[in-house]
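Thanks for coming. I have one structure to go through today, and I will take it a piece at a time.

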Amino acid sequence: MSTVCAIATPAAVGGISVIRISGERAREIADKVFRTVSGRLPSELEGYRAAYGKIYDGEERLDDGVILMFHAPHSYTGEDTAEISCHGGIYVTRRVLTACIKAGAEPAAAGEFTKRALLNGKMSLTQAEAVADIISAQGGQLLAASNDQREGALYRRAESAAEKIMDISSQISAWIDYPEDDTPTVTEEWLMEKLTAVKSELDALLAGYDRGKLIREGISCTIVGKPNVGKSTLMNLLAGEQRSIVSDIAGTTRDVVEETVNLGGTVLRLADCAGIREASDEVEKIGVEIMLKRLGRADLVLAVFDGSRPLSGDDISLLDRLAESERLGKKEIVPIINKCDLEEKLDCRELERRLGRAVYISAKDGSAAEELSREINSRFGLNELDANAGYLANERQRSCVTRAAQAVNEALNGVMAGVTPDAIGVMLEQALDAIYELSGRKASDEVIDEVFRRFCVGK
């Protein structure tokens, strides 16, 4: 492969920038652009050694900085690698990159360093995907889960299923090819037992997909309620700043105010919507219509009620709409009784009868966010997801496991229908191919390219 280079830090002014060079000519190129103060060539430095010096474009001095050398195969990419740290100005960083290109390196494509790590056997495809998730993580749950994936949690589960399938296939082949040897007989009971165990393992992986997706993409959350119940105050509390205008004037929020927040490690994609009531003008009517559309698409609805007032006609209207939206799509509805610091006048028992357990808060109190976090994690079972055991993090991974599970299920049905063991072996080959595609052991170039399209240049 060619030797490539890229800026590995964000394209913005900062304290330092890092330019990464990787490939068989990395040491040679480093020698051309970097001169250490000790006089030693960068190529002469031991692996995992850094040196201070000057950075040059030909004979033009660009900056001073630090070079860090990694020798193959003990580097991120598995190749000889040099990382040059310079001052974090945009212009000087680009000049250093240009100097590396002039010295013989080629510009790296998006995700090329991690792709090379995959191709050089430094990581599996699921581990490479975890790197992208670590970079994009906005919450503690995703960061922790992605680090476990990066350490091979999902890869190990996939390999466990693959080994079980291989054991079955090998036993079938041995029994067919060497019937006169002391090879154990492949019986229907044995096949059923072994295939059921594999199916259970794959089904368990698929069962955790929805929770994994919520951790990775965040929970789409809509805040609804009649005007002046505290929706905007709650939005501002969760966002940590004033994102929605708070006033005593009903109908202040007319459009959808959106914000992505980190609530106790869980990412919420919040939308504060217009209050439900008989709108007094066209603009407010549009806001209410938008709110109703968002209500239908949300994973989570925070339905806010004023605990200091009895249920009103607008509250009843909201309850009816929530019942309808719940029938139309799977979602969690958390009733929130706000202003619990005031005298309670709301019929809370009737509210909980219709919507389930409520969370009692005062949106002006900072502890309300912690109470909501516990309730949301409980509703979605996020605390039950064992990220250490590995989970399916995206649609590509789920598709692979789904195809593997379908093939195993076909094999089970085939056994019950009296299909011969050699035909069962063909079905298991399909399952094995799907699992190997998951890990990258048999993934096509198109699949690998698609995975790395969402990576940034420099990683």
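Setting aside neighbours up to four places along the sequence, Y436 is in contact with E159, A162, M166, R441, K442 and A443. Before going further, note that this is a predicted model. Y436 sits in helix 15. Is Y436 buried or exposed? Its relative accessible area is 10%, and the cut-off for buried is under 20%, so Y436 counts as buried. Y436 also shows how the chain folds back on itself: Y436 and A158 are 278 residues apart in sequence, yet their C-alpha atoms are 8.2 Å apart in space.

Let me step back to the whole protein. The secondary structure comes to 16 helices and 13 strands. Of the 459 residues, 49% are buried. If you take contacts between residues at least 6 apart in sequence, 67% of them join residues at least 24 apart.

In soluble globular proteins, nonpolar side chains tend to be buried together. Here the largest nonpolar core has 33 residues, and those with the most contacts inside it are I165, L195, L202, I424, L428 and I435. Where does this core come from? Helix 6, helix 7 (188-207), helix 14 (395-416) and helix 15 (421-439) each supply at least two of its residues. Take I424 as an example: beyond its neighbours up to four places away, I424 touches I172, L195, A411, G414, V415 and V419. There is also a second, separate core of 32 residues, which includes L270, L300, I361 and L382.

On to a pair of helices. Two packed helices are described by the angle between their axes and the distance between the axes. Helix 4 (residues 125-136) packs with helix 16 (residues 445-452) at an angle of about 20°, and their axes are 10 Å apart. That angle makes helix 4 roughly parallel to helix 16. Helix 4 contributes L125, A128 and E129 to the contact, and helix 16 contributes V447, V451 and F452. Sorted by class, this contact has 5 nonpolar, no polar and 1 charged residues. The crossing of helix 4 past helix 16 is left-handed.

Both of those helices come up again with helix 3, residues 112-119. Helix 3 is mostly covered, with 6 of its 8 residues buried. The buried ones are E112, F113, T114, R116, A117 and L118. What do they pack against? Strand 1 (4-7), strand 2 (14-22), helix 4 and helix 16. Just after helix 3, G121 takes a positive phi of about 75°.

Last, some details of the backbone. N228 is not a glycine, but has a positive phi of about 70°. N228 lies in the loop between strand 8 (219-224) and helix 9 (231-239), and is partly exposed at 27% relative accessible area. K339, also not a glycine, has a positive phi of about 65°. The loop that holds K339 runs between strand 12 (332-338) and helix 12 (348-355). Finally, A72 and P73 are joined by a cis peptide bond, with omega about 0°. P73 is in the loop between strand 5 (60-70) and strand 6 (81-88).

Terms used. Residues numbered from 1 in each chain as written. Predicted model: local features only at pLDDT ≥ 70, side-chain atom pairs only at ≥ 80, totals over all residues. Heavy atoms only, no water. Axes fitted to C-alpha atoms, helices over the stretch in contact; angles between N-to-C directions. Helix = DSSP H or I, 4+ residues; strand = E, 2+ residues; numbered from the N terminus. Parallel < 35°, antiparallel > 145°, perpendicular 65-115°, else oblique. Left-handed = near helix turned anticlockwise from the far one by under 90°. Contact = heavy atoms within 4.5 Å. Nonpolar A, V, L, I, M, F, W, Y, C, P; charged D, E, K, R; others polar. Core = buried A, V, L, I, M, F, W, Y, C linked by side-chain atoms within 4.5 Å. Buried < 20%, exposed > 50% of the residue type's maximum accessible area, 1.4 Å probe, protein only.
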